[in-house]
Amino acid sequence: EEAEEDSAGRLRDKLFWLYLFAFWSQFKPSEPFLVDYLIQEKGIGSEQVYQDVLDLFVYSRLPFLIIVGFCAEFDCCGYRAVLVAGAFCGVLTVLMTRFGIGISSQQAAQFTVSAAFASRVAVPSMAFTLCLPSQFQEAIHTLKAVMLFSNCCAAGLGELLRDAEWVPLN
């Protein structure tokens with residue numbers, strides 16, 4: 001009985017870390033202001049942003065979803081490796097968007113953000129591997145609630161910082 005409680009506690013701890021990872025991977029307070037940033041601060045024309053930058057995100061998501069699906073299921077990679085690679089791509093996206101010069105760095109950032117977004121499909125699968133079948137429904141619903149809460153917090157913080165002019169675009 002004591003071993004069962006210890007095992008359940010470890011599973012809860014692992015799920016907690018997964019929920020924390022999911023929260024921070026979804027938390028993007030600057031996301032709604034990306035177009036304004038690219039136009040006003042990076043000097044990319046509006047037409048170029050919509051036709052030459054953002055389109056790349058749309059078209060690259062499907063190939064990355066397929067790649068993530070295969071990699072997550074293979075023993076050589078697995079869900080954890082996919083999530084780590086996705087987190088790395090997320091950081092790389094921020095760095096390229098913020099410090100990149102010219103349209104080519106912004107286009108490359110659309111590929112890395114597609115890979116980061118695609119990796120998130122492995123989060124629920126990882127939750128399944130961390131809990132017992134009797135806990136699947138609770139774990140997945142909690143995970144979805146955490147992700148929605150993260151989006152809500154990010155949107156609220158982004159609007160607050162922008163409206164209060166504490167964080168200008170530049």
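Good morning. A word of caution to start: the model is predicted. Every value I quote is computed from it.

Let's take the whole chain. The protein has 7 helices and 0 strands. Read from the N terminus, the order is α-α-α-α-α-α-α. What box do the C-alpha atoms fill? Along the principal axes, roughly 65 × 40 × 20 Å. The protein has 170 residues, and 35% of them count as buried.

Now contacts along the sequence. Take the contacts with a separation of 6 or more. Of these, 73% are between residues 24 or more positions apart.

Helix 3 covers residues 46-73, and helix 4 covers residues 78-99. Their axes come within 6 Å. They cross at roughly 140 degrees. Are these two helices oblique or roughly antiparallel? Angles over 145 count as roughly antiparallel, and the crossing is at roughly 140 degrees, so helix 3 and helix 4 are oblique to each other.

Who makes the contact? From helix 3, Val68, Cys71, Ala72 and Glu73. From helix 4, Gly78, Tyr79 and Val82. By class, that contact has 5 nonpolar, 1 polar and 1 charged residues.

On to the second pair. Helix 6 spans residues 122-130, and helix 7 spans residues 136-163. Here the axes come within 9 Å and cross at roughly 145 degrees. The crossing of helix 6 and helix 7 is right-handed.

Which residues meet? Helix 6 brings Val123, Pro124, Ala127 and Phe128. Helix 7 brings Phe136, Ile140, Leu143 and Lys144. Sorted by class, the contact of helix 6 with helix 7 has 7 nonpolar residues, no polar ones and 1 charged one.

What does serine 60 touch? Set aside its neighbours within four places in sequence. That leaves Gln110, Phe111 and Ser114 in contact with serine 60. One of these partners, serine 114, has a further link. The side chains of serine 60 and serine 114 are joined by a polar contact of 2.6 Å.

Conventions
Residues are numbered from 1 along each chain as its sequence is written. This is a predicted model: local features need pLDDT of at least 70, side-chain atom pairs count only at pLDDT 80 or more; totals for chains, interfaces and linings use all residues. Side-chain values use heavy atoms; hydrogens and water are left out. Axes are lines fitted to C-alpha atoms, for helices over the stretch in contact, and angles run from 0 to 180 degrees between N-to-C directions. Helices (H or I, at least four residues) and strands (E, at least two) are DSSP runs, numbered from the N terminus. A crossing is left-handed if the near helix is turned anticlockwise from the far one by less than a right angle, and right-handed if clockwise. Contact means heavy atoms within 4.5 Å. Ala, Val, Leu, Ile, Met, Phe, Trp, Tyr, Cys and Pro count as nonpolar, Asp, Glu, Lys and Arg as charged, and the others, Gly among them, as polar. Angles under 35 degrees count as roughly parallel, over 145 as roughly antiparallel, 65 to 115 as roughly perpendicular and the rest as oblique. A polar contact is a pair of N or O atoms within 3.5 Å; within protein, one must be able to donate a hydrogen and the other to accept it, and residues adjacent in sequence count only if both atoms are side-chain atoms. Buried means under 20% relative accessible area, exposed over 50%, partly exposed in between (1.4 Å probe, protein chains only).
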